[in-house]
Amino acid sequence: MKIIKWLESIKQLLKFGIVGLAATGLHLLLALVLLYFGVNVYLANSGAFLGAFVLSYIGHNYWTFSMSSWHPGTLLKSFLLASIGFLTNNILLTFLLKIAMFNEGMALFFSLLLVPLLSYFGSRIWVFKKNKLL
């Protein structure tokens, strides 16, 4: 039985990684497209975040954590967690642009590496935890 649970956890982690990579890729793509059109780096990052959040929530809710429908509680928690990740992303982005003097594309790339890690642990422990109150 422990092996089956372990395999289920690995399967869930792989799904989380695939959705997370897709959302991170979408975030980076949208941000770079917006930067190409001359949008301010922070506005580009914000717009890209919203697109990535929608993809991430739908993917994790229906595929990674196999919820049968969306729930306002998980949507709110997911948005809060994503917002914390986004805030962290922007603080790191500012550090990389203003202190470390990275160019905009490299700063976005490195600042986006941290968010999926925060998202994984927060989603597993808090957002999509099987909770009898939901």
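**Note on a predicted helical model**

1. Leu-14 counts as exposed because its relative accessibility is 55%, where exposed stands for over 50% relative accessible area, buried for under 20% and partly exposed for what lies in between, with a 1.4 Å probe and protein chains only. This residue lies in helix α1, residues 2–36, and helices here are DSSP runs of H or I with at least four residues, while strands are runs of E with at least two, both numbered from the N terminus.

2. The model is predicted, so that local features need pLDDT of at least 70 and side-chain atom pairs count only at pLDDT 80 or more, whereas totals for chains, interfaces and linings use all residues. Residues are numbered from 1 along each chain as its sequence is written, and side-chain values use heavy atoms, with hydrogens and water left out.

3. On the whole protein: the secondary structure comes to 4 helices and 0 strands, and the pattern along the sequence reads α-α-α-α. The C-alpha trace spans about 50 × 30 × 20 Å along its principal axes, and of the 134 residues 33% are buried.

4. Leu-14 also belongs to a nonpolar surface patch, together with Ile-3, Trp-6, Leu-7 and Ile-10, and the accessible area of the patch is about 550 Å². Such a patch takes residues with over 30% relative accessible area and no salt bridge, and joins nonpolar side chains (Val, Leu, Ile, Met, Phe, Trp, Tyr) within 5 Å and like charges within 9 Å; a salt bridge is a side-chain nitrogen of Lys or Arg within 4 Å of a carboxyl oxygen of Asp or Glu.

5. Helix α2 (residues 41–64) packs with helix α3 (residues 72–99) at an angle of about 145°, and their axes are 10 Å apart; the axes are lines fitted to C-alpha atoms over the stretch in contact, and angles run from 0 to 180 degrees between N-to-C directions. The residues of this contact divide into 11 nonpolar, 9 polar and 1 charged.

6. Two loop residues deserve a look at their backbone. Ser-66, in the loop between α2 and α3, has a positive phi near 50° and is exposed at 51% relative accessible area. Met-101, in the loop between α3 and α4, has a positive phi of about 60° and is exposed at 61%. Most residues other than glycine have a negative phi.

7. Trp-126 lies in helix α4, residues 104–127, and counts as partly exposed because its relative accessibility is 37%. Between Trp-126 and His-71 there are 55 residues in sequence and 14 Å in space, taken from C-alpha to C-alpha.

Terms used:
Ala, Val, Leu, Ile, Met, Phe, Trp, Tyr, Cys and Pro count as nonpolar, Asp, Glu, Lys and Arg as charged, and the others, Gly among them, as polar. Accessible areas come from the Shrake-Rupley method with a 1.4 Å probe; for residues, only the protein chains shown count as cover.
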